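Here is a friendly note to go with your first look at this model. Keep the viewer open and follow the points in order.

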Amino acid sequence: MSVLVILEQRGGEWNRMSFETLAAAQQFAKELGTTATAAVLGSGIEGLAGELTSKQLDKIFAVDHELLKNYTPDAYTPALRQLVDHVKPQVVVFPHTYQVRDFLPKLATSLNKVAISDVVGHRVDNGQLVLVRQLFQGKVNADVRFAGDAPHFASLQAGAYRADLAAEGSAAVEKFTPQLSASEIRTKPLDLFRESARAVDLGAAEIIVSVGRGIKESDNIPLIQQLADALGAELAASRPICDAGWLPMERQVGSSGQTVAPKMYMAVGISGAIQHLVGMKGSRTIVAINKDANAPIFEVADYGIVGDLFQVVPELIEAVKKAK
Ligand SMILES: Cc1cc2nc3c(=O)[nH]c(=O)nc-3n(C[C@H](O)[C@H](O)[C@H](O)COP(=O)(O)OP(=O)(O)OC[C@H]3O[C@@H](n4cnc5c(N)ncnc54)[C@H](O)[C@@H]3O)c2cc1C
């Protein structure tokens, strides 16, 4: 009985969430008194799997087959079923990526199991793993326990665990060749959609002023731009602002946008949904302006101003200009 972590690669490049999930799997294993085993799927990926040999793992499976070269749920599901059957883990953890969201329900259901998705934390209670998921846009944390026999499946939200805490050690790579047949695969992958090159590098910004739905309409965005200019900051936004086309997608912070860690992150009219928090909670100092004193953003803020941004921001711009 062990913890099995399935890491994600595409075209020979790791998904950065893989290492957060690896670190989480090691923590689960330590607290459950067992060991962690890792696996990566693809074609000709023994070299990539070899990059994990310096990690504290029981073993690394390179699940290799030419039909796993491009991702399809029809190939990944039987390949993982066979691996799970071989390893017999207690818990199987995945990064909560778009790809995992696509095939994990199919995999779990095919074994008559449920998958606990979008996990943001855990604890071990009487030797049993308790996972934490957020409900109602992050307003409530729910404890979830697995019922029935192993294996149990879970996917972990981006930013919930720290990749730099992955423990070092040594492990060997073992090739695992699943039995797959081309006739099982009903989808034909096309070329991946690629975004155009980014004009803004939020990751390099020392100060970020980020605007959310509290701004009400696009005509009010220049107010926040003025604040950003006064502070010498880059302007960023929560997803609804970018979805509405008020600011370009490249300025979106969060699980489906950029991850940033500036010296100061100022969130203006942003509630602090988990998908936003995972993209900015590593910032050194977080300042929040929100008229709702119970907004979740205040839980991660170092400085909070409870007030109407249309009053606070103009005064702040004046104060910053004076201080300069
Ligand atoms: C798969 C998935 C991926 C996602 N990815 C992202 C992502 O990458 N980034 C992201 O940001 N979101 C993402 N989301 C959306 C996320 O769940 C939230 O819906 C979103 O972050 C909310 O944006 P918001 O805080 O701007 O808006 P709201 O939640 O509507 O909050 C607006 C806030 O403004 C405050 N406010 C209103 N008026 C004023 C005023 N006059 N003065 C001061 N404060 C005021 C309110 O009190 C409220 O707290 C994702 C969701 C899903 C399902």
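1. Start with D125 and R123, whose side chains meet in a salt bridge at 3.9 Å, N to O; a salt bridge here is a side-chain nitrogen of Lys or Arg within 4 Å of a carboxyl oxygen of Asp or Glu. R123 counts as partly exposed at 35% relative accessibility, and D125 is partly exposed too, with a relative accessible area of 25%. For these words, buried means under 20% relative accessible area, exposed means over 50%, and partly exposed is in between (1.4 Å probe, protein chains only).

2. A word on the source: this is a predicted model, in which local features need pLDDT of at least 70 and side-chain atom pairs count only at pLDDT 80 or more, while totals for chains, interfaces and linings use all residues. Residues are numbered from 1 along each chain as its sequence is written, and side-chain values use heavy atoms, with hydrogens and water left out.

3. Which residue forms a salt bridge with D125 at 2.8 Å? That partner is R145, the distance being the one between the closest N and O atoms. This pair links distant parts of the chain, with R145 in strand β9 (residues 140-145) and D125 in strand β7 (residues 115-125), 20 residues apart. Helices (H or I, at least four residues) and strands (E, at least two) are DSSP runs, numbered from the N terminus. R145 counts as partly exposed at 40% relative accessibility.

4. The structure holds twelve salt bridges. Another of them joins the side chains of R251 and E234 at 2.9 Å, N to O. R251 lies in the loop between α6 (239-243) and β14 (264-268) and E234 in strand β13 (residues 234-237), so the pair ties together parts 17 residues apart in sequence. R251 is buried, with a relative accessible area of 19%, whereas E234 is partly exposed at 29%.

5. E8 deserves a look of its own. Found in the loop between β1 (3-7) and β2 (9-10), E8 is buried yet has no salt bridge, and the nearest side chain of opposite charge, R10, is 5.3 Å away. For charge, Lys and Arg count as positive and Asp and Glu as negative; His and the chain ends are not counted. Leaving aside neighbours within four places in sequence, the contacts of E8 (heavy atoms within 4.5 Å) include W14, P95 and V100.

6. Now the helices. The axes of α5 (residues 221-231) and α9 (residues 309-323) come within 9 Å and cross at roughly 25°. Axes are lines fitted to C-alpha atoms, for helices over the stretch in contact, and angles run from 0 to 180 degrees between N-to-C directions. Therefore α5 and α9 are roughly parallel to each other (angles under 35 degrees count as roughly parallel, over 145 as roughly antiparallel, 65 to 115 as roughly perpendicular and the rest as oblique). Residues that meet here include L223 and L227 in α5, and F310 and V313 in α9.

7. Finally, is V211 buried or exposed? At 0% relative accessibility, V211 counts as buried, and its place is in strand β12 (residues 207-211). Leaving aside neighbours within four places in sequence, V211 is in contact with residues including I221, I224, A236 and V268.
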